[in-house]
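Hi,

Here is the structure I promised to pass on to you. Have a look at it first, and then read on for what turned up when I went through it.

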Amino acid sequence: MRTGLLVAVVAGVLLSACAPQIVQLPASEGQRPAHFPEQEYGQAAAHGRAVYRVVPASSSVVIEVYRDGPLARLGHDHVVASHATQGYVLPDAGRADLYVALDRLAVDEPMLRAEAGFDTQPSPEDIAGTRRNMLGSVLDAARYPFVLVHVMNVDVSGSSRMAQVSITLHGATRAMDVPLNVQTTADEIDVSGRTVLRQTDFGIVPLSVLGGAVQVKDAIDLRFRIHALRMR
């Protein structure tokens, strides 16, 4: 089965504010989405507020995509992951903004397949085909190259919170409540959680072949860990 989907998701906190001077933030790796509110975080930093920047190397978003249909045994379950999540968090505003570049997605990394407990092993050719189909016919990454995540109304005073999360994927934006585990210190924020997404909510038609005998389940499992450091 050649399919996939990424979404990214997560958590944290930020707010835009007027400021006489904008603090210059470090450039994110690669291109940014149009209208990403980076300047708003710079304005908040200029006012002396604590702004945290996501650390891609210690953050991850993992999607598990499942086979279905009468001949599901002929296909594979898949794991799609981002290790390049970018974004900012502003705890005193209960807001965060993040994005994932779809062309940076990894497919079927052995360690993640083992963590998911998948009992099949796709060949390198299968993996390449899955990634090609995912970025092409499934996600239309040439037209919609980013997943955007906007988090609001997060109370980080405790270890477990519900956040209002807005996800933009494949040209569609959907809002949902996502439970978060939040750990904060003066210098770091760690947010983790799990949720279930449906591809059809974003206008994506799950892959189906052989008249539906082999297909992809609409529901996918998403887990994430976002690690952010306070900017100095």
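**Helix H1 and what covers it**

In helix H1, which spans residues 38-46, the buried residues are Glu-38, Tyr-41, Gly-42 and Ala-44. They sit on the same side of H1, because the arc they cover around the axis is only 160 degrees. There's a general point behind this: an α-helix has 3.6 residues a turn, so residues three or four places apart point the same way. And what lies over those buried residues? The cover includes strand E5 (86-90) and strand E6 (95-101). After H1 comes Gly-48, which has a positive phi, near 85 degrees.

**The whole chain**

Before going further, keep in mind that this is a predicted model. The protein chain has 3 helices and 14 strands. It has 232 residues, and 52% of them count as buried. If you take contacts between residues at least 6 apart in sequence, 73% of them join residues at least 24 apart. The accessible surface is about 10,600 Å², and carbon and sulfur atoms account for 51% of that.

**The E10-E11 hairpin**

Next, have a look at strands E10 (residues 172-184) and E11 (residues 188-198). The two run antiparallel and are joined by 4 bridges. Together they make a hairpin, with 3 residues between the strands. If you want a place to start, find Thr-184, which stands opposite Ile-189 in E11.

**Salt bridges**

How many salt bridges are there? The count comes to 12. Here are some that I looked at.

One of them pairs Arg-67 with Asp-119, and their closest N and O atoms are 2.9 Å apart. Arg-67 is in strand E3 and Asp-119 is in the loop between helix H2 (110-116) and helix H3 (124-138), so this pair ties together parts of the chain that are 52 residues apart in sequence. The side chains of these two residues also make a polar contact, at 2.9 Å. Is Arg-67 buried or exposed? Arg-67 is buried, because its relative accessible area is 16% and the cut-off for buried is under 20%. Asp-119, on the other hand, is exposed, with a relative accessible area of 64%.

Another salt bridge is formed by the side chains of Arg-232 and Asp-187, with 2.1 Å from N to O. This pair links distant parts of the chain: Arg-232 is in the segment after strand E14 (219-230), while Asp-187 is in the loop between E10 and E11, and the two are 45 residues apart. Arg-232 is exposed, at 76% relative accessibility. Asp-187 has a relative accessible area of 37%, so it counts as partly exposed.

Then there's Asp-218, whose side chain meets that of Arg-198 in a salt bridge, 4.0 Å from N to O. Asp-218 lies in the loop between strand E13 (214-216) and E14, and Arg-198 is in strand E11, so the pair ties together parts that are 20 residues apart in sequence. Arg-198 is partly exposed, with a relative accessibility of 44%. There's a network as well: Glu-40, Arg-95 and Asp-97 are joined into one by salt bridges that share partners.

What does Thr-200 touch, if you don't count residues up to four places away in sequence? It touches Pro-206 and Asp-218. Thr-200 counts as partly exposed, at 43% relative accessibility.

The other one is Val-55, found in the loop between strand E1 (52-54) and strand E2 (60-65). Its relative accessibility is 22%, so Val-55 counts as partly exposed. Which residues is Val-55 in contact with, leaving aside neighbours within four places in sequence? They are His-227, Ala-228 and Leu-229. Val-55 and Tyr-88 are 33 residues apart in sequence, and their C-alpha atoms are 9.5 Å apart in space.

That's what I have for now. Happy looking!

Note on methods. Residues numbered from 1 in each chain as written. Predicted model: local features only at pLDDT ≥ 70, side-chain atom pairs only at ≥ 80, totals over all residues. Heavy atoms only, no water. Buried < 20%, exposed > 50% of the residue type's maximum accessible area, 1.4 Å probe, protein only. Contact = heavy atoms within 4.5 Å. Pairing = 2+ DSSP bridges. Areas by Shrake-Rupley, 256 points an atom, 1.4 Å probe, with all protein chains shown as cover. Polar contact = N/O pair within 3.5 Å; in protein donor to acceptor, adjacent residues only side chain to side chain. Arc of directions from axis to C-beta.
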